[in-house]
Each structure stands twice: as structure tokens, then as C-alpha cells.
Amino acid sequence: MIMKSKSYLKIRGGNKLYGDIKISGSKNAALPIICASLLTDEPVILENIPNISDIQNLLDILRIAGCSINNFDDKIEIKKPIKLNSFLKHNSVSKLRASILLAAPLAVRTGYVELALPGGCQIGARPFDEHLKGFLKLGIKSQVNEDSLVCSLNGLKGATYTFGAVSVTGTENIIMAAVLAKGQTVINNAAKEPEIVDLVCFLRKMGAIISGEGTDRITIEGVLRLSGCSYCVSSDRIELGSYMAIVAAAGGEVNFLNANSHQSNIVINKLVEMGCVIEDNGSSIKMSVDSNIKPVSLSTEVYPGFPTDLQAQFMALNATLGGESLIVENIYENRFHHAEELRKMGASINIEERSAKIVGGELKGAVVFASDLRAAAALVVAAVSTSDETTINNLHYLDRGYENFVEKMKLVGLEIERV
Ligand code: EPU
């Protein structure tokens with residue numbers, strides 16, 4: 001079911017966009033890193049943390065667990081209580097998919113954790129059986145009840161675990177369980193996403209011994225304890241790709257500051273194939289777009305393939321450009337809800353199972369509803385392409401993952417208002 005909220009966006013597109021957009025810290029790196037901070041008694045300082053509702057929700061859960069959190073700009077300091085509360089059958093836990101990432105650190109630190117079942121965007125089945133099978137190998141028993149997940153420690157020890165399905169948060173959970181386990185853990189068929197590398201760099205700063213991150217085989221030598229540290233989270237490659245799709249749909253010239261092009265090679269290559277001009281200047285990326293770009297076909301894959309979290313935005317972009325394209329979604333079985341809303345704006349999209357055939361053209365303004373976080377960004381991509389007014393409802397989805405969205409868009413000249 002799609003949840004509704006009161007605030008909405010009014011966008012009048014049709015203008016080219018010019019100026020700078022500063023990319024925030026990565027949501028999907030910050031979430032596991034905040035959870036991993038529970039693996040030490042000592043305070044942890046994290047920088048480049050985006051001010052978005054998914055992070056605020058997670059910090060609220062940490063407060064319920066007994067932590068105290070000081071917030072200053074994009075920096076947070078997390079201090080742990082003498083004894084963590086690991087009975088977390090709270091509403092805030094079920095609002096968030098990433099709350100599953102609390103299972104390993106809390107089980108390891110307290111011996112027993114009871115979590116409300118994780119929620120998150122409705123984009124597919126989103127099981128977590130792989131996390132639990134890996135836990136069992138390492139000595140964490142778990143039980144899924146009607147409304148909670150219970151994990152208890154039964155002699156934490158290193159083991160070899162081979163993922164049946166590649167899972168980003170699954171890999172993160174097993175790494176967090178293994179860093180304090182006795183002996184060596186080997187994870188085969190691990191996820192290779194940059195967010196895993198970020199988590200490992202943070203854990204290493206805390207004293208963990210890990211190798212192989214960024215490949216499909218990660219090895220962890222358990223240590224007795226981890227210490228506090230300060231760490232700066234990487235910039236958000238999905239936020240960058242979302243703004244790039246918006247600029248591609250509107251045209252213009254935008255400089256993306258605090259951006260990392262290496263993590264976005266495949267996305268940048270697709271935009272270049274479309275006809276965008278992209279210049280990598282180290283920590284910033286300049287993108288120039290004239291009106292003659294064309295759509296591209298793509299299939300989503302695990303990293304370094306095209307990210308599923310940018311599929312909706314690129315479908316919207318293709319729908320605004322003359323020509324045919326095909327988009328195949330290989331990660332989630334049900335991530336095409338945005339197509340229905342794009343059709344309200346005049347898009348021609350034909351879906352068969354995991355494939356969407358798009359015949360691009362001029363879109364018109366409409367009243368539309370975001371169905372998940374990335375679908376919300378996709379509707380903005382469509383809205384900036386037309387000089388009609390578009391109203392986008394369900395902004396709580398956008399708020400989950402895009403920091404200061406309206407302010408950033410206004411700075412590059414978009415007529416946008418939050419009502
Ligand atoms: N899967 C299983 N069994 C499992 C776990 C996953 O079959 O135990 C399957 C899923 O059904 C899905 C696929 O594996 O088809 C990928 O799921 P994965 O577990 O990798 O996803 P996730 O870890 O829950 C993270 C991101 C998502 C992103 C995916 C894929 C976080 C907090 N979330 O989710 O981000 O789509 O990886 O890259 O890191 C978003 O930011 O909009 C978002 C949804």
C-alpha cells in the first residue's frame with residue numbers, strides 16, 4: 001500500500017538549470033556505519049551524515065537503545081550507555097528497512113536482540129533470510145515471529161558463509177557479526193557495492209581486520225574489542241545520479257560538488273552515450289546538456305552494473321526524449337510503480353514482467369503520487385522537462401533520502417515550491 005502525506009511539490013519546468021549542486025553524504029553508507037558504531041563502548045564521531053528522515057529515524061532508534069547523540073551540521077557524535085537496550089519492538093524500527101542492520105551489532109554486544117520487523121519502500125519482497133542463514137553459521141540463532149525478529153548469541157565464532165542471493169545489507173550484517181567473532185570469517189558471493197567498502201574502512205579505523213572489500217570474497221579476522229574513532233562518510237552516488245538525470249531532462253550546465261565519479265562510472269557512461277558532456281574535475285563533476293540528447297537502454301545489475309536505485313529516474317528521463325528504449329530491472333521483481341504515474345504525464349511505457357519498453361516524447365504536467373523514494377525523484381525528472389505545472393504528492397518518500405532537495409533545486413534555477 002502506498003502511504004499518503006500532506007505536503008507536496010509544485011514544479012514548473014521548462015527552464016535550463018545552471019549552477020552548483022553539492023552532493024550530500026551517502027544514505028546507504030551512513031545507515032550501516034551508524035549501526036556499526038554500536039560495536040564499541042567508546043564514542044564515535046561521524047561526518048558528512050545527510051539530514052534525511054531515514055537517518056533521523058535510525059538515530060531515534062539508537063536513542064531508544066540508550067545512546068546519546070549530539071548533532072552539529074553534518075556531524076554526529078554517538079555515545080553509548082553502559083548497557084544497551086536491545087528490546088526494540090518500536091514503531092520507528094518498522095518504518096525503516098535499514099533497521100535490520102541493528103540485528104548483528106546488538107546481538108554481538110548484548111547477546112539478545114528483539115527487533116520489530118523492518119519496513120521500508122514497497123519495491124519487492126525484500127526478504128532477509130540470507131542474513132539469518134549467515135548469522136546461524138557464526139553462532140547467532142534467530143527466530144522470525146509475526147511482528148518481530150529475535151536473535152540470540154550462541155557462542156560467536158568465525159565461519160565461512162556463501163550468500164545464495166547477493167545482498168548489500170546482508171553482507172553488511174555478516175561483516176558486523178564477524179568483526180568481534182572468535183577466529184576467521186570468509187564471506188563468499190559478497191556484495192561489492194561502494195557502501196560495503198565505506199563500512200569496512202570505518203570498521204578498520206575502529207581496529208577491525210578485514211580484507212577483500214569491493215570483491216565478492218571478504219575475509220575478517222575477529223578481534224577482542226573495537227575502539228571509537230572519527231570517520232567521514234563518502235558522498236551519495238545515487239543522489240548524484242538522480243540530479244544528473246534531472247539536469248539531463250531539463251538541459252543546462254551544472255557542477256556537482258563533493259561528487260565521486262569512480263563510483264558512478266556506468267551511470268556517467270550512459271549519460272555520455274545519450275549525448276551529455278561530462279567533465280571529471282577531481283572532487284567535482286561538470287555536466288553540460290543541450291537539447292539533442294537521446295534515450296538509452298539499460299539493465300540494472302549489482303555493482304559495478306547500473307544501480308536499481310537509479311532505474312526509475314532513467315526511465316523518466318527516457319520518457320522525455322524522442323526515441324525508443326528498453327529498461328530491464330534485474331534486482332527487484334516489483335519496482336515499476338512509477339510507470340503508472342509517468343503515464344499520467346503522457347509517457348508511453350509498456351511493461352512485461354521485468355522489462356519496460358519506453359517510447360519517449362513530450363510530457364505534460366499532472367498531479368502525481370510518489371510510490372517510493374526513487375520514484376519521487378523520477379517524477380521530478382519528468383516534471384522539469386515540461387513548462388506545465390506538475391504537483392508531486394507523497395513527499396515523505398523524497399524526504400527519506402534527499403537532503404535539502406527543494407533548496408538545492410532552487411539554487412540551479414528550478415521553479416519549485418514545497419506546499
Ligand atoms: N534478497 C534475497 N534474500 C535476502 C536478501 C536479499 O533474496 O536475504 C534479494 C532481494 O529480494 C532483492 C535482492 O536480493 O531482490 C537485493 O536485495 P539487497 O538485500 O541487496 O537489498 P538491501 O540490502 O535491502 C540495499 C539498499 C537499497 C538498494 C539495494 C540494492 C540500503 C539500506 N538499501 O538494500 O536501497 O536498492 O541494496 O542495491 O543499503 C534505496 O536507497 O532506494 C534502496 C532501496
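This is a predicted model: local features need pLDDT of at least 70, side-chain atom pairs count only at pLDDT 80 or more; totals for chains, interfaces and linings use all residues.
Five bridges join strand E7, residues 112–116, to strand E9, and the two strands run antiparallel.

Strands E7 and E9 belong to an open sheet of four strands, ordered E6-E7-E9-E8, with mixed pairing. At its edges are E6, residues 87–88, and E8, residues 140–144, each of which pairs on one side only. Helix H5 packs on this sheet and touches both E8 and E9. The direction of H5 makes about 145 degrees with that of E8.

Let me stay with E9 for a moment and turn to Leu 153. This residue is found in strand E9, which covers residues 148–153. Is Leu 153 buried, partly exposed or exposed? Its relative accessibility is 31%, so Leu 153 counts as partly exposed, a class that lies between the limits of 20% and 50%. Setting aside residues up to four places away in sequence, Leu 153 touches Ala 107, Val 108, Gly 111, Gly 139 and Ile 140. As for Arg 204, it is 51 residues from Leu 153 in sequence, and the C-alpha atoms of the two are 23 Å apart in space.

I return now to H5, residues 129–138, and its packing against another helix, H6, residues 168–178. The axes of H5 and H6 come within 9 Å and cross at roughly 15 degrees. Because that angle is under 35 degrees, H5 is roughly parallel to H6. The crossing of these helices is right-handed. On the H5 side, the contact is made by His 131, Gly 134, Phe 135 and Leu 138. H6 contributes Thr 169, Gly 170, Asn 173, Ile 174, Ala 177 and Ala 178. The residues of this contact divide into five nonpolar and five polar, with no charged residue.

My last topic is another leucine, Leu 321. It lies in the loop between helix H10, residues 311–320, and strand E19, residues 323–328. The relative accessible area of Leu 321 is 8%, which is under 20%, and therefore this residue is buried. Which residues is Leu 321 in contact with, leaving aside its neighbours within four places in sequence? They are Met 274, Ile 293, Lys 294, Pro 295, Gly 360 and Gly 361. Finally, Leu 321 and Ser 53 are 268 residues apart along the chain, and 33 Å separates their C-alpha atoms.

Conventions: Residues are numbered from 1 along each chain as its sequence is written. Side-chain values use heavy atoms; hydrogens and water are left out. Buried means under 20% relative accessible area, exposed over 50%, partly exposed in between (1.4 Å probe, protein chains only). Contact means heavy atoms within 4.5 Å. Axes are lines fitted to C-alpha atoms, for helices over the stretch in contact, and angles run from 0 to 180 degrees between N-to-C directions. Angles under 35 degrees count as roughly parallel, over 145 as roughly antiparallel, 65 to 115 as roughly perpendicular and the rest as oblique. A crossing is left-handed if the near helix is turned anticlockwise from the far one by less than a right angle, and right-handed if clockwise. Ala, Val, Leu, Ile, Met, Phe, Trp, Tyr, Cys and Pro count as nonpolar, Asp, Glu, Lys and Arg as charged, and the others, Gly among them, as polar. Two strands pair if DSSP finds at least two bridges between them.
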